[in-house]
Amino acid sequence: MAKPKLVSFKICPFVQRSVILLKEKNIDFDIAYINLDEPPEWFLALSPTGKVPILEVDGKVLFESAIISEYLDEVNPPSLHPANPLEKAQNRAWMEFTSPLYMAFFKLMMSKTKKAGAEVIIDTNKQLATLDKIKVNAPWFNGDDFSMMDISIAPLFMRLAFLKKHYNLDLLDGRNNLQAWSDKLLARESVINSVVDDFEDILLMRIKGAESFLAL
């Protein structure tokens, strides 16, 4: 397989999952960042949906982040999914469960009033409470085995830590299972190195530029 190339924007949580996966498997790759506000023509020609991320490999293009991660896991064994088919399916279901949480983070960033932000926080807390109940007191989601589910949620934990650090908004407060999981993930080398150096600065600028209630 030729060296894979990811295309996305610098604060995309979905490409971050693929980056973590590639780093976990020690796979050499390239990544190109674009401005989604003014996407280049070459990108629009490659992406059927006009969305990121996309993956270029062997002259072909894959789109949709979940498909990209599944492909990269499959062609670079051993798989980071459980071997048992039922456990694998359960993991995939919980991975899908986390996806709306990323959209919630984006809505929170863009919320211009405290009322709008509070509504997002209420919905987010419900989902986090569900996750906290099913996450057992073990290092990773599947116990001792680091998995795709851990990769799936790592970018979310990074963003929740960002909210706590810069805006004193702690959505993991009292959620001991999730906090322990987050601490473990955010200390992992592949996660630490999965974002650009100015990741937090870009988020801060986006929030300020959106005139979010967070920046008031």
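Buried means under 20% relative accessible area, exposed means over 50%, and partly exposed lies in between (1.4 Å probe, protein chains only). By that rule Ser8 is buried, because its relative accessible area is 0%. This is a predicted model, where local features need pLDDT of at least 70 and side-chain atom pairs count only at pLDDT 80 or more, while totals for chains, interfaces and linings use all residues. Residues are numbered from 1 along each chain as its sequence is written, and side-chain values use heavy atoms, with hydrogens and water left out.

Start at Ser8. Its place is strand E1, residues 5–8. Strands (E, at least two residues) and helices (H or I, at least four) are DSSP runs, numbered from the N terminus. Contact means heavy atoms within 4.5 Å. Neighbours within four places in sequence aside, Ser8 touches Val15, Ala32, Tyr33, Ile34, Val52 and Pro53.

Take Val52 from that list. Val52 sits in the loop between helix H2 (41–46) and E3. With a relative accessible area of 15%, Val52 is buried. Val52 and Ser8 are 44 residues apart along the chain, yet 5.0 Å separates their C-alpha atoms. Leaving out neighbours within four places in sequence, Val52 is in contact with Val7, Ser8, Phe9, Cys12, Ile34, Leu36 and Phe43.

Now turn to helix packing. Which residues of helix H3 are buried? In H3 (residues 65–75) they are Ser65, Ile68, Ser69, Glu70, Leu72 and Asp73. These buried residues pack against E1, H1, strand E3 (54–57), strand E4 (60–63), helix H4 (85–110) and H6.

H1 and H6 also pack against each other. H1 covers residues 13–24 and H6 covers residues 148–167; their axes are 9 Å apart, at an angle of about 130°. Axes are lines fitted to C-alpha atoms, for helices over the stretch in contact, and angles run from 0 to 180 degrees between N-to-C directions. Angles under 35 degrees count as roughly parallel, over 145 as roughly antiparallel, 65 to 115 as roughly perpendicular, and the rest as oblique. H1 and H6 are therefore oblique to each other. From H1, the contact uses Pro13, Gln16, Arg17, Ile20 and Leu21; from H6, Met148, Ile151, Ser152, Ala154, Pro155, Met158 and Arg159. Eight of the contact residues are nonpolar, two polar and two charged. Here Ala, Val, Leu, Ile, Met, Phe, Trp, Tyr, Cys and Pro count as nonpolar, Asp, Glu, Lys and Arg as charged, and the others, Gly among them, as polar.

Rings of Phe, Tyr and Trp (its six-membered ring) pair if their centres lie within 6.5 Å; planes under 30 degrees apart count as stacked, over 60 as edge-to-face and the rest as tilted. The whole structure holds seven aromatic pairs. Phe157 lies in helix H6 and Trp181 in helix H7 (residues 176–186), so the pair ties together parts that are 24 residues apart in sequence. Phe157 is buried at 0% relative accessibility. Trp181 is buried at 1%. Ring pairs join Phe141, Phe157 and Trp181 into a cluster.

Finish in helix H4, at Leu108. Is Leu108 buried or exposed? Leu108 counts as buried, at 3% relative accessibility. Beyond neighbours within four places in sequence, its contacts are Gly117, Val120, Ile121, Leu163, Leu169, Ser212, Phe213 and Leu214.
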